[in-house]
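Please look over the fold below.

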Amino acid sequence: EVVTLAAGRIMSEIEQTLLGEDLQSSREMRKQMDTDSLTQASMLPDSQKLHKDYDIDGWTYQCGSLGGGFHQWDITPNKMMSLLVGNSTQLGPEGALVATSIQSITRVQWNQQSNLTHAMRVINDLHWSMQDADWTASLGLVQINPDTGYGSICTAGKIQAFIVSPRGFRPIGSQVCEVGAQPDTEFILSRFVVQPGEILVTYTSDIVNERSFAPPSQKMRGRRSLPY
């Protein structure tokens, strides 16, 4: 009986120790995930106005504390408004790695004043070369001359883009496979003009149904808007 009681007590203490270690490990993992989530959120752009004639805004939803969604914008050295929107095929921490990679590469390409198709090819080639996991992503790159409203767009994967006006909307961009899906993808550049009172809308088609769009209200006339 003494041996049985001792063995039972020892097993109970072992179980409590293991449960305690698992709980501690889980807490540390959650804390690390929260920190990583804040770091990823800090990479998204703030609401700083890029140009007096344009309103720009964006929204990214992650399926969890970490995810593969991303958007960003900036005035690049060539005085163009440059914009990025997309999401990785992967979810969770894996998707966050892909998103961070694309955001970082895009910033480098913007600083080098690369054209959109060249930037897309660089991202595609680098992600295609990473064969250890799924590094594919849907991606849209946009550049606009803020003085004239003339712009260009290059898209890949599940990206939709429209110019919306009181008269309706017109699609822009082209559909090719996701970046990182295959080598030597031929990315297509499309050109457009954003007139005063029009809106450029760019989004991943997994988030919004295209049929939900309606013409903008009268109060939006006279300015140009770039929601992402």
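Which pattern does the protein follow, read along the sequence? The pattern is α-β-β-β-α-α-β-β-β-β-β-β-β. The protein has three helices and 10 strands; helices (H or I, at least four residues) and strands (E, at least two) are DSSP runs, numbered from the N terminus. This is a predicted model: local features need pLDDT of at least 70, side-chain atom pairs count only at pLDDT 80 or more, and totals for chains, interfaces and linings use all residues. Residues are numbered from 1 along each chain as its sequence is written, and side-chain values use heavy atoms, with hydrogens and water left out.

**Overall**
- Buried residues (under 20% relative accessible area; exposed is over 50%, partly exposed in between; 1.4 Å probe, protein chains only) make up 43% of the 228 residues.
- Contact means heavy atoms within 4.5 Å. Among contacts between residues at least 6 apart in sequence, 69% join residues at least 24 apart.

**The sheet**
- Five strands form an open sheet in the order β2-β3-β4-β5-β8, with antiparallel pairing. Two strands pair if DSSP finds at least two bridges between them.
- β2 (69-75) and β8 (190-193) are the edge strands, each with a single partner, so one side of each lacks a neighbour in the sheet.
- Neighbouring strands are turned by 15° against each other on average, direction ignored.
- β5 (residues 150-156) pairs with β8 in the antiparallel sense over four bridges. Gly151 has Phe192 of β8 as its bridge partner.

**Helix packing**
- α2 (residues 92-111) and α3 (residues 116-128) pack at about 140°, with axes 10 Å apart. That makes α2 oblique to α3.
- Axes are lines fitted to C-alpha atoms, for helices over the stretch in contact, and angles run from 0 to 180 degrees between N-to-C directions.
- Angles under 35 degrees count as roughly parallel, over 145 as roughly antiparallel, 65 to 115 as roughly perpendicular and the rest as oblique.
- The α2 side of the contact is Val98, Ser101, Ile102, Ile105, Thr106 and Gln109. The α3 side is His118, Ala119, Val122, Ile123, Leu126 and His127.
- α2 also lies across β2, β3 (81-88) and β4 (137-144), at about 15° to β2.

**Gln90**
- Gln90 sits in the loop between β3 and α2. Gln90 is partly exposed because its relative accessibility is 27%.
- Not counting residues up to four places away in sequence, Gln90 touches Gly68, Gly95 and Asp134.
- Gln90 and Gly68 are 22 residues apart along the chain, with their C-alpha atoms separated by 6.5 Å.
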